[in-house]
Amino acid sequence: MRFRAIRLHAATARGPHGFDFRFGEKLTIVRANNSSGKSTFFHTLLYAMGMEELTGARGTKSLQSAVREHFLDGQDAVGVVSSSVMLEIANVAGDIITLRRAINSTDRSDKLVEVFQGAWLTGPGSHAPPSAYYLHDPGSAQFASGFFRFLERWLGLELPKVARADGGETKLYLQDVFAAHAVEQKRGWTDYIGNAPYFGIANVRTRVVEYVLGLDVFDTAMEKGRLEQERQDIERRWAEAMGALRNEAAQLGFLPKDMPARAVRTFDASSLNVVKQLPEGPVSVGSYLNALRAEHRTLVAASETPTAVQTPELLARLSEEEDRSQRIVALHEVADLAQRGRVASRADYRRMIAELDSDIEKNESAAKLRKYGANLELTLASGQCPVCGQAVEDNLLADETSGRQMGLETNIDYLKAQRAMVVRQADGLQRELDEGAVTLAGLGRDLATIRQRLSAIRRDLGAGEQLTRSHLRAIVANEFELGRVEKFQELLEAFEESLPALAREFDANRKAHGELPKDNLSASDRAKVDKFVVLFRANATSFDYASVQAREININGESLLPTLGDMELRQVINAKVESSASDFVRLIWAYLIALYETATFQGVNGHHLDFLLFDEPAQHSMSELSMRALLQRLAGSRGLQSIVFASFENTESNFLAVTDNLTFDLITWDGKLVRPLTTRSVLD
Amino acid sequence: MPVLVEHRPLYKMAEVVLTLHLACNRGKSSLLRLHLFNWALKLPERVEALSQAARQKKLNLAVWGFDPALAVVLRYLVGSELLSEANGKFTLQTEGHAFAKTIMADESLMRKVKRDLGVVGKGITEDMVSAVSKEWKAQ
């Protein structure tokens, strides 16, 4: 982003007043003695972009009275009738817009920012009607008519979602990102990114640096979310497939054996094991189908050779079928008994789970009570007797019980573990119940079939048709069953393909999940941070940072802030260094500039806005040499627009010494900042 | 050894404070009535019996249990100045009311106890309790 020009227009009884300045492409120095309006200028500039929260205030409260109420003209206080500020800026694409925001106005809210297309201050603007955007209302960062949403898009940014301190998530605020670009003198030089307004984002400085450096951490978080969603989808499809398989099988009295209820990473088609419980023992679908086909062939062959009714043969078959029927009845009784037992156990488990739930809730209440009790300063909350102050057991009947008493947290864990165990057992039981129901239904069906067969044989014994009734019935039953089992076989074959495929998908998903960086930083992030460290150290050295050796300073991989040993590096009290406070300011310069340098380094793809605004960087009697080094660095940074507001200790000699041989644009004025305007603008 | 949550001092303290707050007029009660509530809160059937008694304005209970844990916790409550004790009556103090209000404000806290006490309400009077206890002496 480029600042091109700013204009303040204040209507007064003495005619239009204000200021009107152009900014340079690279380093612009705004030179003004103390109390001549330097801060007014800086604050008005931030206000024009809706960024006044960087100064700690919201709305016109952030502005000095000179631009909103009255200013001094010689000895006279001149009242401001109405005023507004205009700011002309360009984005990376070269698109120029002019912002206008009212400061003191009866007809325009100070929450309104009008966006005019084109360079209305430095050249002809476009006559497209302006767009109106709003600030500081809930949603100004989210809704399309919010100014920050507009600015974010216009700057080509896409701010990431970040964690809130209270556990929710929110979009990173544009104001926080700006805080890495604009440093206001009162608070800005006390910390790295010290201006960042607090909107409830956890570790906001770190989030800003991560974003400006274009680290993958946000991508990683997004990718994690995507993989999790995919995992749930696979689990759902797996469960659906299992449900369908079980349903279809159950209708035929088949039972899938040892099928994983949840998605697995490898699944071999051969482990798809579906069996039918027959009196002779379990048989697979394939062999059951073969048996049916063989029976079919025999039956058809028999029907083609007409024979007279053979009573002895029929009698033999009758007794054989009766035996078979009795075996099935016995099996059915055993299975039924077992099933009743399971139903009773299930009720027991449910009761146990309900009791454990109630216990867990009570114990969690007790844990919370300890916190509330501590708030009320109840000594018992910290395990002390309120009267004698001695430690007391966390058990009213401690004297009556023996053995080590479980602590509250351990007790809660213990109950939860118990609950998990019971739930696991209940789940296992439920599977047995489902299987039992299928077995019972299958046996019931077999029983019905055999009874029909028996009655047909009995009728045959009294009849004399060529093709016996029992034979016909047997063929019909056989063909019916054959058709259904063949269809089921096809379904199984489809599962033989789809389940291993789903397992492979699941495996790929889990692998991708495993490959995500564990400690937030990916390899490319690590490289960026390494680059950042190098540039930061180099800057610190060139600004004469002396409190500690630059090579001892590191950037913590997690907080992304400078550290010395394990500690965040702040002001170091060191007798050898004249002013430790000014030394810390050098470190902040080094940090913010290194942030820009790293973000724009080839291959980093950061999100720096390519400008820096420094309000009085020469804090705490900063040496001329250091200040000069700073300005040299800023002037020499290709692609960076910097605007430095400085008083140069109110002396010409300091200004000359610091800026000697430096290329820069100068903005300065005599006397007060707000003065009669000599130019006119259509936007006034 | 796991500990019954009803034997955790703070939990029991909260239970007594809630009893006085929700079920006793002016946050004041005799020891006998506190034992009655303490005993009743242990089982749903007993809570049901108390709630019936409150509606019929007569206690149809012959006896109830006395819990040594309650005796201990009452000492703690008086020691913590949540309750005061005078003439055999326990009364909620300012701090005790504050504790009760804190517990009431957090909905997730002690849900069952709050519900049970709410069901019974303030209808179990000292007169009803002493009417029963006089029977004990008479026999």
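Reader: Which backbone nitrogen does the side chain of Glu52(A) reach?

Author: In this predicted model, the side chain of Glu52(A) reaches the backbone nitrogen of Gly59(A) at 2.9 Å. A polar contact requires a pair of N or O atoms within 3.5 Å, and the pair formed by Glu52(A) and Gly59(A) is counted as one at 2.9 Å.

Reader: What makes Glu52(A) a buried residue?

Author: The cut-off for buried is under 20% relative accessible area. Glu52(A) has 0% relative accessibility, and therefore counts as buried. Glu52(A) belongs to the loop between α1 and α2 of chain A. The side chain of Glu52(A) also makes a polar contact with the side chain of Arg101(A), at 2.9 Å. Along the chain, Glu52(A) and Pro197(A) are 145 residues apart, while their C-alpha atoms are separated by 9.8 Å.

Reader: Why is Glu53(A) called buried?

Author: The relative accessible area of Glu53(A) is 8%. Buried means under 20%, so Glu53(A), at 8%, is buried. Glu53(A) lies in the loop between α1 (38-48) and α2 (65-68) of chain A.

Reader: With which side chain does the side chain of Glu53(A) make a polar contact?

Author: The partner is the side chain of Gln175(A), at 3.1 Å. The limit for such a contact is 3.5 Å, and the value for Glu53(A) and Gln175(A) is 3.1 Å.

Reader: Why is helix α3 of chain A described as largely enclosed by the rest of the structure?

Author: Helix α3 spans residues 147-154, and seven of its eight residues are buried, so the rest of the structure largely encloses this helix. The buried residues of α3(A) are Phe147(A), Phe148(A), Arg149(A), Phe150(A), Leu151(A), Glu152(A) and Trp154(A). These buried residues pack against several elements of chain A, including β5 (76-90), β6 (96-104), β7 (112-117) and α4 (174-178). After α3(A) comes Gly156(A), with a positive phi near 75°.

Reader: How do you know that Val183(A) is buried?

Author: The relative accessible area of Val183(A) is 2%. The cut-off is under 20%, and Val183(A), at 2%, is therefore buried. Val183(A) is placed in strand β11 (residues 182-183) of chain A.

Reader: Which residues is Val183(A) in contact with, leaving aside its neighbours within four places in sequence?

Author: Heavy atoms within 4.5 Å define a contact. With neighbours within four places set aside, Val183(A) is in contact with Phe42(A), Gly188(A), Trp189(A), Asn195(A), Leu592(A), Leu613(A), Phe614(A) and Asp615(A). The C-alpha atoms of Val183(A) and Val644(A) are separated by 9.8 Å, although these residues are 461 residues apart along the chain.

Reader: What makes the pair Lys368(A) and Asp106(B) a salt bridge?

Author: The rule asks for a side-chain nitrogen of Lys or Arg within 4 Å of a carboxyl oxygen of Asp or Glu. In Lys368(A) and Asp106(B), the closest N and O atoms are 3.1 Å apart, and the pair forms a salt bridge. Across the interface of chain A and chain B, the rule finds four salt bridges. Residue pairs in polar contact across this interface number 10, both residues being at pLDDT 80 or more.

Reader: What are the helix and strand counts and the buried percentage of chain B?

Author: Chain B has seven helices and three strands. Their pattern along the sequence is α-β-α-α-α-β-β-α-α-α. Of its 139 residues, 50% count as buried.

Reader: How many helices and strands does chain A have?

Author: Chain A has 15 helices and 21 strands. Of its 684 residues, 47% are buried.

Methods. Residues are numbered from 1 along each chain as its sequence is written. Chains are lettered from A and ligands numbered from 1 in the order in which they are written. This is a predicted model: local features need pLDDT of at least 70, side-chain atom pairs count only at pLDDT 80 or more; totals for chains, interfaces and linings use all residues. Side-chain values use heavy atoms; hydrogens and water are left out. Helices (H or I, at least four residues) and strands (E, at least two) are DSSP runs, numbered from the N terminus. Buried means under 20% relative accessible area, exposed over 50%, partly exposed in between (1.4 Å probe, protein chains only). A polar contact is a pair of N or O atoms within 3.5 Å; within protein, one must be able to donate a hydrogen and the other to accept it, and residues adjacent in sequence count only if both atoms are side-chain atoms.
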